[in-house]
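Let us walk through this model.

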2 protein chains.
Amino acid sequence: MSGEGTRNAKVPMKEHFGNYMLPIKDALEIFSGKWKIPIITALNFYEKCSFKELERIVEGITPKMLSKELKFLEENMLIAREVKDTRPVTVEYSITEYGKTCRSVMTELYRWGIEHRKKFFNTEEAETWGKGKC
Amino acid sequence: MSGEGTRNAKVPMKEHFGNYMLPIKDALEIFSGKWKIPIITALNFYEKCSFKELERIVEGITPKMLSKELKFLEENMLIAREVKDTRPVTVEYSITEYGKTCRSVMTELYRWGIEHRKKFFNTEEAETWGKGKC
DNA sequence: TATAGTAGTATACTAAAGTATAGTGATATG
DNA sequence: CATATCACTATACTTTAGTATACTACTATA
């Protein structure tokens, strides 16, 4: 990255930058919006959850949004949905192996968020949990 | 993370999860939307850019959105704005030291996006640039 | 029989995000 | 003098994201 950042380099930078942005844009499509990352994070944390549990864990989400985002995440193979033969019927949402690959992204966001919090709120409170491992 | 993911642990999980989500939500507030990450990535790549250059580099952005997002990023100290005494006047936007800390996040998104692309489009094309270093 | 819990869906709405298009005021260039 | 570049701003609009509220169908429990 550093040193390549001038516009007079031999190879057109725009091409390099485009190549770099392309997968980032792919990732953003998956993670965009208010709820996808919280849901993925929750399922990475708890491994398995029912619909109602997710409704409680992901604070503030409405059933409509939860339902919609779960469908999206299932289509993208990040989570799995299994209807359990219980009474009343429960549905188990679980993180897939593929979904677990998101952990590296969440961890980076977590680390960055910790530092941001230190910088802007001048507090280390948030550091009490996890220390960015996970 | 693994092994702690049961709801029967001694300490209420919700509290743990909340502590984990808090900085992630902080980070999401900064990175949310269609344009912030592309702009930050561009300035991390080129180090310095004028308004017009950014308009060209960040493909598809309108001057209104660019202006709005640049203001936001400046307020959050990720970028700096300097009016140059040239004719016509140019404005130099540059990444700050703090803005450079975002690179770890972008790099993770890049890596994840590469793998996602492999999985979903079955192509390794995107791997031609950078190999996730940067 | 009333109440509560399961997993959602339906409808209507608001608010935010983003787009499209044009224009400003300064200065320089042909 | 006409045109172009710079850094934006203004206005109006559309689209999407998200909210609020109510409801369905099923089963269990008091």
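A residue is near a molecule or strand if one of its heavy atoms lies within 4 Å of it. Around DNA strand C there are 20 such residues, and A:Ser67, A:Arg81, A:Tyr93, B:Lys34 and B:Lys64 come nearest. Sugar and phosphate make up 76% of the atoms of DNA strand C that come within 4 Å of the protein.

A word on the basis. This is a predicted model: local features need pLDDT of at least 70, side-chain atom pairs count only at pLDDT 80 or more, and totals for chains, interfaces and linings use all residues. Residues are numbered from 1 along each chain as its sequence is written, chains are lettered from A and ligands numbered from 1 in the order in which they are written, and side-chain values use heavy atoms, with hydrogens and water left out.

Now the phosphates. Take N or O atom pairs within 3.5 Å as polar contacts; within protein, one atom must be able to donate a hydrogen and the other to accept it, and residues adjacent in sequence count only if both atoms are side-chain atoms. A polar backbone atom of A:Lys52 sits 2.8 Å from a phosphate oxygen of DNA strand C. For A:Val91, a backbone N or O atom is 3.3 Å from a phosphate oxygen of DNA strand C.

Which elements give two or more residues to this surface? They are helix H3 (51-57), helix H4 (63-75) and strand E3 (90-95) of chain A, together with helix H4 (63-75) of chain B. Helices (H or I, at least four residues) and strands (E, at least two) are DSSP runs, numbered from the N terminus. H4(A) gives the largest share, four residues.

Strands pair if DSSP finds at least two bridges between them. Strand E1 (residues 48-50) of chain A runs antiparallel to E3(A), joined by three bridges. There, A:Cys49 has A:Tyr93 as its bridge partner. E2(A) (residues 79-84) also pairs with E3(A) in the antiparallel sense, over six bridges. A:Lys84 stands opposite A:Thr90. A hairpin of five residues joins E2(A) to E3(A).
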